[in-house]
Amino acid sequence: MDKVFRKLFKQHFGAAPVSILEIAGDGSARKMVRLVGENMETAVGVVGPDPDENRAFLSFSRAFHGIGLPVPEIYAVDEKAGMYVEEDLGETTLFDAVSQARQADPQADFPAEMLPVYRRILEVLPRFQVEGGKVVDYSVAYPRAAFDRQSILWDLNYFKYHFLKLAHIPFNEARLEKDFRRFATFLLGADTRHFLYRDFQSRNVMVREGEPWFIDYQGGRRGALQYDVASLLWDPKVGLTEALREELLEEYLEHLDGYLPRVDRNRFRQHLRGYVLVRIMQAMGAYGYRGFFERKPRFLQSVPGAIRNMERLLETGFVPVDLPELREVLERICGNTVLRKKAPTPMPGLTVYTGSFSYKGGYPDDAGGHGGGFVFDCRAIHNPGRYAEYASLCGCDEPVENFLESLPEVEDFWGSVRGLVEHHVGAWLTRGFGSLSVYFGCTGGQHRSVYFAERLGAYLRANYPSVNIVVTHREQPRWEPARAEALALAASAGVEAGTAEVAA
């Protein structure tokens, strides 16, 4: 791989690079490196395993660069190897720039210094869509030449199978499919003649010397103008306020008037609501696939923000088409307290990550990132989940705690766990380490493992006040709905019994 990159770099700069540095992955299958020459000239080398995706990106890049749009220049390509070298746009994404500005002014709703960048992005976007749409070769678009009915249904089913199914959100399959078909028809009523960037969000815009540069448009195709506006302004990772979103939308429409002077703004906004929803659903499908299926928890950190956007859409009129089953499904998501819970941010000092999981879903991810810590198997302990009165509860509910604490093996197990963990916590504090992982697994990840994770978290909080404790239960989205229902029924029964006793 390095040999090809050296050849391509030399082909453009006249000399081979003196160093090749790996660049952190972006969540795709591509691999990237930074190539540095002897005079500190730099370029980015990319290995793309999908030749169709490579072909689309390279073709679009050359077309956009040819009309002066701010995209990376392609320096050299080895098509057979699936490798190319392109202009280095630096390391700061729009998301990074916003995050850094927020740290400098944490009280602001949105950092004022980033507004000129957003305004510049929305000035450039219509050029991509209208002028760029006239010069790109849609025959290389991947996987479809247009964001057509098939593409829309793919996205909606991606949401269904990778978010709803994996997050255990109930739905009626036949009614939801009917709504999906009706929704697709509504979306295709918009003007779909222009270039649709497809993933126009904060991690795909680079900021260099205060100016935006654009990357990762290889999924682009012909489609509606509203999709990319929705992607940028409703990006849950950034969280624009509603007032600012409206202000920026107006600016975009004013710039669009310079390219398409007869845009019906009322009709545009009606379809925009639909594209906001389909974009939220597509993004949540991606978060579910990466987070629930691939076990990459950082992707789930964006779910609460996406739910807030979804909730606001529901509160302000939803979309102008009747979608009863889809609306009910979205309301269930918005009412799910587990999905809305934001993952805790690690604090300075030692953090102990503990939690529960089911062995059916494989081992948990290493939250600390260095592979250090323990995984304890609780399956040798008698399982309360076998009993009807405990089946819907979890290991943090008092009846289950009482059941487990009546078993002699529980204290033996706890004593061994506590001794090992305390030894490591003491050593980690002495050596200045930043994190330790301690996870508990059982058959369903609901009773025994939850009990021990909660017990360890409480013990460490009480005895090591300087240590940060993060407790998570990986399977909670699966068992929490049944648990909440069981607790509500128990509370109702208690109220009724108390009323009868008073009456007697």
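Student: What lies over the face of Tyr359?

Tutor: That's Arg379, at 3.8 Å from the ring centre. Keep in mind that this is a predicted model.

Student: What makes that a charge over a ring?

Tutor: The distance cut-off is within 6 Å of the ring centre, and the charged atom must also be within 35 degrees of the ring normal. Arg379 lies over the face of Tyr359 at 3.8 Å, so the pair gets the label. Arg203 is another case: its charged end sits over the ring of Phe95, 4.0 Å from the centre.

Student: Why is the pair Phe64 and Phe195 called edge-to-face?

Tutor: Of the 35 aromatic pairs in the structure, this one has ring centres 5.2 Å apart and planes at 80°. Centres within 6.5 Å make a pair, and planes over 60 degrees apart count as edge-to-face, so the name follows.

Student: And what does that pair tie together?

Tutor: Parts that are 131 residues apart in sequence, because Phe64 lies in helix H2 and Phe195 in strand E6. Both Phe64 and Phe195 are buried, and they belong to a cluster linked by ring pairs that also includes Tyr84 and Phe128.

Student: Why are Phe374 and Phe376 called stacked instead?

Tutor: Their ring centres are 5.4 Å apart, but the planes are at 15°. Under 30 degrees counts as stacked, so that's the label here.

Student: How do you know whether Phe374 is buried or exposed?

Tutor: Check its relative accessibility: 16% for Phe374. The cut-off for buried is under 20%, so Phe374 counts as buried. Phe376, at 12%, passes too.

Student: What makes E11 an edge strand?

Tutor: E11 pairs on one side only, as does E13. The open sheet has 4 strands in the order E11-E12-E10-E13, with parallel pairing.

Student: How do you know that E11 and E12 pair?

Tutor: Count the bridges: 5 join E11 to E12, and the two run parallel. At least two bridges are needed, so E11 and E12 count as paired. Asp377 stands opposite Gly441 in E12.

Student: Which helix packs on the sheet and touches E10, E11 and E12?

Tutor: Helix H15, whose direction makes about 175° with that of E11.

Terms used: Residues are numbered from 1 along each chain as its sequence is written. This is a predicted model: local features need pLDDT of at least 70, side-chain atom pairs count only at pLDDT 80 or more; totals for chains, interfaces and linings use all residues. Side-chain values use heavy atoms; hydrogens and water are left out. Rings of Phe, Tyr and Trp (its six-membered ring) pair if their centres lie within 6.5 Å; planes under 30 degrees apart count as stacked, over 60 as edge-to-face and the rest as tilted. Buried means under 20% relative accessible area, exposed over 50%, partly exposed in between (1.4 Å probe, protein chains only). Contact means heavy atoms within 4.5 Å. Axes are lines fitted to C-alpha atoms, for helices over the stretch in contact, and angles run from 0 to 180 degrees between N-to-C directions.
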